Amino acid sequence: MNGLINRAIECFVRDSYGDALWHEVTGGLGIDEAAFEPLMPCDPDVTARLVAALSARFGREAADLLEDLGTYLVAQPRSEAVRRLLRFGGVDFAEFLESLEDIPDRARLAMSDFDLPAIHLHMQGAGLYRVEIGRAAGAGLRFGPVLLGVLRAMADDYGALVLLDYLGCDAAREIIEVHLLDATYASGRDFDLATAGAAR
């Protein structure tokens, strides 16, 4: 799984900050190019070192960097397949939230060795949800901040007005609070299940 994660980080950094910076960071770490082959197994420590080095290079918290990665995975044209996988979850953002628990299984259908942590959704009240993400042993990163970025991007995609708050983690889980203020705040992006979809 980590080869695919590392490739996603590579694409994010190259597209956002350029090839030169990417080569500077990976060259400094002495990481073998095989670590970025999506179907190749890779030591999770490589992913952890990579995230730490990028965080230091940008002077940013790792969680902020991973949140940007999550947004990138939905918003960039090259990630249209990820967006489509997520949009199958529902016709609006509320339905999408209700489908979050199915995402790990859907991801495994697309790629059998992509083992995402379990996700559990809890309704707290009108428009208020708590998302719990299991801690993925040996992944080399926390998925909570990545999912936070995905949720931000998907709210924009659906045109929903949402407040999101990463509440932290313990040994077993990470927690995100979602407050859906208006499901039809904006028009969102065009999407058609029968076609590739297009951004407005």
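At what angle do H1 and helix H3 (residues 44–58) pack, and how far apart are their axes? In this predicted model, the angle is about 20° and the axes lie 9 Å apart. Angles under 35 degrees count as roughly parallel, so H1 is roughly parallel to H3. The crossing of H1 past H3 is left-handed. On the H1 side, the contact is formed by Asn 2, Ile 5, Asn 6, Ile 9, Val 13 and Tyr 17. H3 contributes Pro 44, Val 46, Thr 47, Leu 50, Val 51, Leu 54 and Phe 58. By class, this H1–H3 contact holds 10 nonpolar and 3 polar residues, with no charged ones.

The axes of H4 and H8 come within 6 Å and cross at roughly 40°. H4 and H8 are therefore oblique to each other. Their crossing is right-handed. From H4, the contact draws on Ala 63, Leu 66, Glu 67, Leu 69, Gly 70, Thr 71, Leu 73 and Val 74. From H8, the contributors are Pro 145, Val 146, Leu 148, Gly 149, Val 150, Arg 152, Ala 153 and Met 154. The H4–H8 contact divides into 11 nonpolar, 3 polar and 2 charged residues.

The largest cavity has a volume of about 40 Å³. Its lining consists of Ile 9, Phe 12, Val 51, Leu 54, Leu 65, Leu 66 and Leu 69. H1, H3 and H4 each give two or more residues to this lining. H4 supplies the largest share, with 3 residues. The lining of the largest cavity has 7 nonpolar residues and no polar or charged ones. Ile 9, Val 51 and Leu 54 line the cavity and also take part in the H1–H3 contact. Leu 66 and Leu 69 likewise line the cavity and belong to the contact of H4 with H8.

At least two lining residues come from each of H1 (2–17), H4 (62–75), H5 (80–87), H7 (103–110) and H8 (143–158). H1 gives the most, with 5 residues. The pocket lining comprises 25 nonpolar, 1 polar and 2 charged residues.

Methods. Residues numbered from 1 in each chain as written. Predicted model: local features only at pLDDT ≥ 70, side-chain atom pairs only at ≥ 80, totals over all residues. Heavy atoms only, no water. Helix = DSSP H or I, 4+ residues; strand = E, 2+ residues; numbered from the N terminus. Nonpolar A, V, L, I, M, F, W, Y, C, P; charged D, E, K, R; others polar. Axes fitted to C-alpha atoms, helices over the stretch in contact; angles between N-to-C directions. Parallel < 35°, antiparallel > 145°, perpendicular 65-115°, else oblique. Left-handed = near helix turned anticlockwise from the far one by under 90°. Contact = heavy atoms within 4.5 Å. 1 Å grid on protein atoms, 1.4 Å probe; cavity = no way out; pocket = protein on both sides within 12 Å on 5 of 7 lines; lining within 4 Å. Points joined across faces, edges and corners; volume = space filled by probe spheres on them.
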